[in-house]
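The sequence and the model are shown first, and the description follows.

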Amino acid sequence: MKDPKVLTVQDLSCYGQCSLTVALPIISACGIETAVIPTAVLSTHTAFKAGWTFRDLTDDIAPISDHWLKEGLKFDCVYTGYLGSPRQVDLILMTIERHLADKGVVVVDPAMADGGKLYAGFAPDFPSHMARLCGSADIILPNITEACLMTDTEYRAEFDEAYVLDLLRKLAKLGCRNVVLTGVSFDPSKLGVAVYDCAADSARYYFNDKLARMSHGTGDVYASSFVGALMRGMSIYDSAALAADYTVESIKLTMDDDSHWYGVKFEKALPMLAHRISSASN
Ligand code: PXL
């Protein structure tokens with residue numbers, strides 16, 4: 001594929017290193033042109049103390065797409081993240097129908113929950129809407145909490161391989177083709193991902209040493225670098241592994257700064273990402 005183009009659909013949190021402020025620089029650093037449809041504008045992400053602003057942009061999606069339809073715009077990948085409302089699911093499905101190129105790839109990061117809990121602002125039925133969007137995806141990138149919420153599975157902080165395989169099989173029933181499940185750990189010293197091909201019912205794992213610090217925004221760093229690597233022609237497994245290494249590097253580069261609780265310093269690790277991508281795609 002020559003010079004693929006990505007459309008990413010997620011919120012613009014003006015401060016806080018997540019969503020679009022992470023996706024655009026990371027996918028650009030991978031050498032890939034990226035267009036956006038913002039789902040909402042917030043003053044900060046929702047892990048900040050109460051007081052953040054939230055402008056829902058649901059009603060802007062159809063007019064943007066109507067204009068693009070006249071321009072004949074098509075994308076090789078539609079990558080969705082945090083949504084502003086349940087109604088956006090149908091609007092995104094329409095956008096995919098209209099603007100995904102032949103052989104294009106749909107990547108859905110169901111960014112809505114972590115640590116066993118939905119993010120502030122989402123109603124309890126939101127996971128069922130997100131599950132419908134996941135059903136239309138080629139690749140979904142949930143964490144364990146999101147996977148549990150979309151499959152009515154009890155959330156566990158500690159688990160074994162049987163629990164993960166059960167989750168992966170339930171996620172496959174949503175209709176997606178591949179799952180990259182993040183936050184997988186079978187050994188207290190390791191943390192990684194499960195890469196699952198739904199049709200083949202086959203799971204492969206990739207682990208890094210577990211770091212002492214958990215950080216906000218790492219799901220977006222992970223998904224964005226995954227998309228960048230995939231669009232540069234790397235396999236799903238290799239993209240999942242590189243995204244894990246890049247996310248770990250970003251966390252390491254943040255660990256000496258306790259005041260930086262709201263995100264990770266992913267910018268400092270961009271040279272490593274660009275280097276690894278160009279060596280892999282040569
Ligand atoms: O990083 C995920 C994310 C994205 N967008 C908004 C969020 C969060 C996580 O809290 O609040 C607005």
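## A buried threonine

Thr80 touches Val9, Ile92, Val107, Val108, Asp109 and Leu133, not counting residues up to four places away in sequence; contact here means heavy atoms within 4.5 Å. Thr80 belongs to strand E4, where helices (H or I, at least four residues) and strands (E, at least two) are DSSP runs, numbered from the N terminus. With a relative accessible area of 0%, Thr80 is buried. The term buried stands for under 20% relative accessible area, exposed for over 50%, and partly exposed for what lies in between (1.4 Å probe, protein chains only).

The model is predicted: local features need pLDDT of at least 70 and side-chain atom pairs count only at pLDDT 80 or more, while totals for chains, interfaces and linings use all residues. Residues are numbered from 1 along each chain as its sequence is written, and side-chain values use heavy atoms, with hydrogens and water left out.

Pro86 is located in the loop between strand E4 (75–80) and helix H3 (88–99). Its relative accessibility of 34% makes Pro86 partly exposed. Leaving aside neighbours within four places in sequence, Pro86 is in contact with Phe126 and His129. The C-alpha atoms of Pro86 and Ser128 are separated by 9.2 Å, although these residues are 42 residues apart along the chain.

H3 and H4 pack with their axes 9 Å apart, at an angle of about 10 degrees. Axes are lines fitted to C-alpha atoms, for helices over the stretch in contact, and angles run from 0 to 180 degrees between N-to-C directions. H3 is therefore roughly parallel to H4; angles under 35 degrees count as roughly parallel, over 145 as roughly antiparallel, 65 to 115 as roughly perpendicular and the rest as oblique. On the H3 side the contact is made by Val89, Asp90, Ile92 and Leu93, and on the H4 side by His129, Arg132 and Leu133.

## The enclosed helix H5

Helix H5 (residues 144–151) is largely enclosed by the rest of the structure, because seven of its eight residues are buried. The buried residues of H5 are Ile144, Thr145, Glu146, Ala147, Cys148, Met150 and Thr151. Their cover includes strand E6 (113–114), strand E7 (117–118), helix H4 (126–135), helix H6 (161–172) and E9.

## Two residues with positive phi

Most residues other than glycine have a negative phi, and most peptide bonds are trans. Asp152, found in the loop between H5 and H6, has a positive phi of about 50 degrees although it is not a glycine. Asp152 counts as exposed, at 74% relative accessibility. Lys103, in strand E5 (residues 100–108), has a phi near 65 degrees. Lys103 is exposed, its relative accessible area being 80%.

## Aromatic pairs

A pair of aromatic rings is described by the distance of the centres and the angle of the planes. The whole structure holds 13 aromatic pairs. Rings of Phe, Tyr and Trp (its six-membered ring) pair if their centres lie within 6.5 Å; planes under 30 degrees apart count as stacked, over 60 as edge-to-face and the rest as tilted. Tyr15 and Tyr262 form a tilted pair, 5.1 Å centre to centre with 40 degrees between the planes. This pair links distant parts of the chain, 247 residues apart: Tyr15 is in strand E1 (residues 5–15), and Tyr262 is in the loop between helix H8 (236–252) and helix H9 (270–281). Tyr15 is partly exposed at 44%, whereas Tyr262 is buried at 12% relative accessibility.

The pair of Phe186 and Phe207 is edge-to-face, because the ring centres are 6.0 Å apart and the planes stand at 65 degrees. Phe186 lies in the loop between strand E9 (178–184) and strand E10 (190–197) and Phe207 in strand E11 (residues 202–209), so the pair ties together parts that are 21 residues apart in sequence. Ring pairs also link Tyr15, Phe48, Trp261 and Tyr262 into a cluster.

## The packing of H8 and H9

The axes of H8 and H9 come within 9 Å and cross at roughly 160 degrees. H8 is therefore roughly antiparallel to H9. The contact is made by Leu242, Asp245, Tyr246 and Glu249 of H8, together with Leu270, Met272, Leu273, Arg276 and Ile277 of H9.
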